[in-house]
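The following paragraphs lead a new reader through the structure shown below. Please keep the sequence and the model in view while reading.

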Amino acid sequence: MSEIKSSNIPKALPIIPLRNAILFPHQFMPISVAREKSMQILKDAAQSDATIAILTQKDPSVDDPTAQDLDDYGTEAKIMRIIEMPDGSKTVLLQGLQRVKVITFLQEAPFFKAAFQPRADEGEATENVMAMANNLRNVFKQLVELTNEASYEQMVMISNIKDPGMVADLIIAFSNASLAEKREILKLHDIEERLEKANLILTRHLQNQQLSEKIQSDIKSKLEKGQREMYLREQLKAIKKELGEDTEGQEINELRQKVDGAKMPDEARKVALKEIDRLSQMHPSSAEYTVSRTYLDWLIELPWSASSKDNANIAKVEQKLNDDHYGLEKVKKRILEYLAVRKLKKDMRGPILCFIGPPGVGKTSLGKSIADALGRKFVRISLGGVHDEAEIRGHRRTYIGALPGRIIKGIKKAGTNNPVFMLDEIDKLGSDFRGDPSSALLEVLDPEQNHSFSDHYLEVAFDLSKVMFIATANVGYTIPPALKDRMEIIEIPSYIAEEKLHIARKYLVPRQLKEHGLDNEKLTFRDEALRTIIQSYTKEAGVRNLEREIAAVCRNVATKFAQGNAENQTVTAENIPDILGPIKFFPEVAERIDEPGIATGLAWTPVGGDILFIEASKMDGKGNLILTGQLGDVMKESAKAALSYIRSKSTELGVTEKFHEKYDIHIHIPSGAVPKDGPSAGVTMFTAMVSLLTGRMVKSDVAMTGEISLRGTVLPVGGIKEKVIAAHRAGIKKIILPEKNKNDLQEVPQQVKKELVFHFIRKMSEAVQIALEDEEAEIEKFENEISLN
């Protein structure tokens, strides 16, 4: 190659942009030219011996680059040959001459032209520089041996070049260095820096290639080793078979016998035998063998045909249910009905029940009692907080560590195909990106589908129709309608005080005495003591807190016995505060209603019924209605409807006409931190406002509930049983109810109804007549208060 002399005098050169290539000095490179601007340069260059500049585009995807799209550094080149191509483009052979740097662009049309500053190589050929050049040759040689990325002619050329700067340029040009790495080399005109950078780039490429070769070699050797091991295993298997030591064959035969003994349906048996055939082709040490064996174990151990025999003695079943739980007549009746029909029809499907009731009323323990009474196995799973559909239906076997869902796991744990299966807290199911568990339960709880329930893991149908499913929930409105429709809903109400007393005496006290190492001689509870705990230390629908308070009394007595300074104890109502502390709950009805504008309402909550006080107050204003106490939209609309009715019927109700022009009315419902909503407080808010505007107090022993309309009609509401029990618990004597709720009293315990007076109303005005004090009574009460003072 002839020596190229460089000059530092700036020169104007036309520019041909390249997309994905960089031309180095001393390099020969063919390029394809098709752009209009570049074709114009070739046309002019063919008529002269002028040189051109080669610049690389910053973004190769730009079809029509501007001056800003081109690199600042490039190479001055000489056109050696131009070849016309059949498609109209041209192939040009270029020879790189020297590095150049753009000073300024002179024109962009009809082609690029710029003023360039030539950049001659700097530095001398010192020993260090020559050593780096030799090292670069050696590294490149090793790289070519691994990748064949340079031709024989190129290798010969590089070995004959003496100029160290030219060595760096051409080796980088011939290598598979990236465009960014080539740009870095092109910018360096100091020879030592260029060689150092080129050594770094090529050494990194060599190391990557060597690592890649090592990985490929390791993979190849492992494959060869695996093939060799497979061959040896097959030989070993044949030898063991000849010696009568074929343990794998024995295991396969045992599995076949277990499949025969499992009494599977034809579909499941076919799948199991097919899986055994697959297993026989695998080696025991392989991962697939373990997965397949686990799957077979699940298939074999499921109780496909194992059933427990029901207790057919209905009287004994009834006795067992009565011994375990007090009350709950609806549930007991339903179980006895099932047994009676089962006696007549042996292949009857299992019922699907849902117990809905407040916490602590015995829903979960009732499921265990039912299983014991029927003589069946009992399985319980908690669905509270379950978000993943796979919890119900299992994971597919393609996942590592896959297992069946909770339904199949529970059936396997029971060991029979007809257990009592309790789905606890079904109203607290969740759903997210992993699926909706409630949708998966649709098949489980549908009598028309669950005879062929398919778990994702098993992928064969399992008959759940003999299972007695019992779901439990605190509220019904959070259960999806489609799921709720598949279950027979049985409401379990809250307990009244007498029922709690009976439960405490028969169940809670004996259990706590036993748990605390006491007996009836060491500790005795009087009935009045239990009543005091129920009324003054607990306020709940169930009996959980009652049992905790009884446990607290037992701990107090047990401590005294352990210290050796106690005799047999009898707990009475008088010494309860000494053990449990000050009274926590007081009957507050009579003392709360001491002025007009206060009325007692009844409310339903997820934990049973409750009473609530509605307070109304007036102040100077212009008829505004203020509502506070975290009221929902429905409750706010009821208050507005009540006020509108009072304004329209002010004369009949004894209210001053045009009161709304003088006063603002404020309605507040205490316990402001608790959200409240629903239409059933309409009658109570109406009564409170009439009481306020007439100055007549509401009777303190009266509570009410009912929805109202603008026509003055009282409409029916729900939760009557819970509301009536709550009123009885709070000491209410009279209850005002919508006439259409009269039949709902059938569910109220007879003892509660005996102690209450019920008034059934159709019109809102009737509530005022019943609930408000007579004017004569008001005057008499006022005079009595004055005489007492």
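A residue counts as buried when its relative accessible area is under 20%, as exposed when that area is over 50%, and as partly exposed in between. The model discussed here is a predicted one. With a relative accessibility of 6%, A681 falls under the 20% limit and therefore counts as buried. A681 is placed in the loop that runs between β19 (663–668) and α24 (682–694). Apart from residues within four places in sequence, the contacts of A681 are I614, M635 and G706. The C-alpha atom of A681 is also 7.7 Å from that of A603, although the two residues are 78 residues apart along the chain.

D169 belongs to helix α4, which covers residues 164–174. When residues up to four places away in sequence are set aside, D169 touches F24, P25, R99, I185 and R194.

H26 is found in the loop between β1 (11–18) and β2 (28–33). H26 likewise counts as buried, with a relative accessibility of 11%. The backbone of H26 has a phi near 75°, which is a positive value in a residue other than glycine. Q630 also has a positive phi without being glycine, in this case near 55°. Q630 sits in the loop between β18 (625–628) and α22, and Q630 is partly exposed at a relative accessible area of 43%. Another backbone feature is the cis peptide bond that joins A109 and P110, with omega at about 5°. P110 lies in the loop between β5 (90–107) and β6 (113–119).

The account now turns to charged side chains. How many salt bridges does the structure hold? The number is 34. One of them links K412 and E301, whose closest N and O atoms are 3.0 Å apart. Because K412 is part of helix α14 (residues 406–414) and E301 is part of helix α9 (residues 287–301), this pair ties together parts that are 111 residues apart in sequence.

E739 and R762 form another salt bridge, with 3.6 Å between the closest N and O atoms. Here E739 occupies the loop between β23 (734–738) and α26 (750–754), while R762 occupies the loop between β24 (757–761) and α27 (764–771), so the pair ties together parts that are 23 residues apart in sequence. E739 is partly exposed at 38% relative accessible area, whereas R762, at 54% relative accessibility, counts as exposed. Elsewhere, salt bridges that share partners join E275, R278, E288, R396, R397 and E459 into one network.

A further salt bridge is formed by E528 and R526, with the closest N and O atoms 3.8 Å apart. E528 is partly exposed, its relative accessible area being 35%. R526 also counts as partly exposed, at 41% relative accessibility.

The residues K649, R711, K740 and K763 form a positive patch. Within this group, K649 is located in the loop between α22 (633–648) and α23 (650–653). Is K649 buried or partly exposed? With a relative accessible area of 32%, K649 is partly exposed. A patch residue must have over 30% relative accessible area, and the 32% of K649 lies over that limit.

The other patch is nonpolar and consists of L211, I215 and I219. Together these residues present about 270 Å² of accessible area. L211 is placed in helix α6, which spans residues 191–243.

Technical notes
Residues are numbered from 1 along each chain as its sequence is written. This is a predicted model: local features need pLDDT of at least 70, side-chain atom pairs count only at pLDDT 80 or more; totals for chains, interfaces and linings use all residues. Side-chain values use heavy atoms; hydrogens and water are left out. Patches are made of residues with over 30% relative accessible area and no salt bridge: like charges are joined within 9 Å, nonpolar side chains (Val, Leu, Ile, Met, Phe, Trp, Tyr) within 5 Å. Accessible areas come from the Shrake-Rupley method with a 1.4 Å probe; for residues, only the protein chains shown count as cover. A salt bridge is a side-chain nitrogen of Lys or Arg within 4 Å of a carboxyl oxygen of Asp or Glu. Lys and Arg count as positive and Asp and Glu as negative; His and the chain ends are not counted. The place of a charge is taken as NZ of Lys, CZ of Arg, CG of Asp or CD of Glu. Helices (H or I, at least four residues) and strands (E, at least two) are DSSP runs, numbered from the N terminus. Buried means under 20% relative accessible area, exposed over 50%, partly exposed in between (1.4 Å probe, protein chains only). Contact means heavy atoms within 4.5 Å.
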